[in-house]
Amino acid sequence: MNHDAYDDNYIRGILNGVKSIAMVGASPVNVRPSYFAFKYLAQRGYDMIPVNPGHVGKNLLDKPFVASLADIGRPIDMIDIFRNSSHIMPVVEEALKLSPLPKVIWMQLGARDDAAAAKAEAAGIKVVMNRCPKIEYGRLSSEISWMGVNSRTLSSKRAPVPTQGMRLSLNRTSVSGGDTAASDRAAKNRNDLA
């Protein structure tokens with residue numbers, strides 16, 4: 001697998017297919033990126049499990065922290081690794097001891113370990129590196145564009161905020177990954193000028 005570029009259908013298939021996500025390196029500190037990603041994915045209906053030995057005894061959005069993947073005690077579909085690259089191989093090795101194996105190992109932005117990815121893929125696990133599931137979900141569902149980010153449309157009207165637990169379809173496609181009239185018009189106009 002080419003881990004430098006992922007097909008949208010590969011990412012979409014993962015995000016549509018997983019239900020439970022163990023986030024290794026989750027933080028209860030509400031200004032940390034892992035907190036934002038955890039909260040966002042939980043609000044989209046994923047069963048989130050925070051994994052961080054330094055926070056056992058605490059909760060993250062009413063979900064109790066566990067010290068390790070082995071402490072979860074139930075099958076998990078995806079492991080989202082929110083650690084730097086030097087800590088990935090031990091997490092993958094721990095994941096390979098689980099029964100059943102997870103379907104996906106996802107390494108967050110800035111995290112990449114090709115040897116760990118090869119080891120996981122040899123066991124039949126899908127791998128994504130250097131990507132954020134929060135960002136990919138927002139991009140593929142057009143939620144980023146829907147909220148007014150990169151819509152190429154200036155307006156003083158504020159978009160309505162999604163309701164709790166609302167999930168937009170991940171099956172929308174266009175030139176920029178989302179089906180919006182404004183982005184499609186901009187892409188067409190750009191092509192007409194070229």
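Modeller: Before we start, an angle here runs from 0 to 180 degrees between N-to-C directions, with axes fitted to C-alpha atoms. This is a predicted model, by the way.

Colleague: Fine. What makes you say how helix 2 runs relative to strand 2?

Modeller: Helix 2 lies across strand 1 and strand 2, and the angle to strand 2 comes out at about 155°. Helix 1 (residues 8-17) lies across strand 5, strand 6 (104-107) and strand 7, with an angle of about 110° to strand 7.

Colleague: What makes the sheet open, and what is its strand order?

Modeller: Five strands line up as 2-1-5-6-7 with parallel pairing. Strand 2 (47-51) and strand 7 (126-128) each have a single partner strand, so one side of each lacks a neighbour in the sheet. From one strand to the next, the twist averages 20°.

Colleague: How do you know that strand 1 and strand 5 pair?

Modeller: Pairing takes at least two bridges, and strand 1 (residues 20-24) has four with strand 5 (residues 78-81), in the parallel sense. The two therefore count as paired. Met 23, for one, stands opposite Asp 80 in strand 5.

Colleague: Why is the contact between Arg 112 and Asp 4 called a salt bridge?

Modeller: The cut-off is 4 Å from a side-chain nitrogen of Lys or Arg to a carboxyl oxygen of Asp or Glu. Arg 112 and Asp 4 come in at 3.1 Å, N to O, so the pair qualifies. Arg 112 sits in the loop between strand 6 and helix 4 (114-122), and Asp 4 in the segment before helix 1, so the bridge ties together parts 108 residues apart in sequence. Arg 112 also meets Asp 114 in a salt bridge, at 3.0 Å.

Colleague: What about Glu 136, buried or exposed?

Modeller: Its relative accessibility is 5%, so Glu 136 counts as buried.

Colleague: Which residues have the most contacts inside the largest nonpolar core?

Modeller: Leu 69, Ile 79 and Met 107, in a core of 48 residues. Helix 2 (residues 33-43) gives the most to this core, with five residues. Leu 69 touches, among others, Val 24, Val 51 and Ile 79.

Methods
Residues numbered from 1 in each chain as written. Predicted model: local features only at pLDDT ≥ 70, side-chain atom pairs only at ≥ 80, totals over all residues. Heavy atoms only, no water. Core = buried A, V, L, I, M, F, W, Y, C linked by side-chain atoms within 4.5 Å. Buried < 20%, exposed > 50% of the residue type's maximum accessible area, 1.4 Å probe, protein only. Contact = heavy atoms within 4.5 Å. Lists of a residue's contacts leave out its neighbours within four places in sequence.
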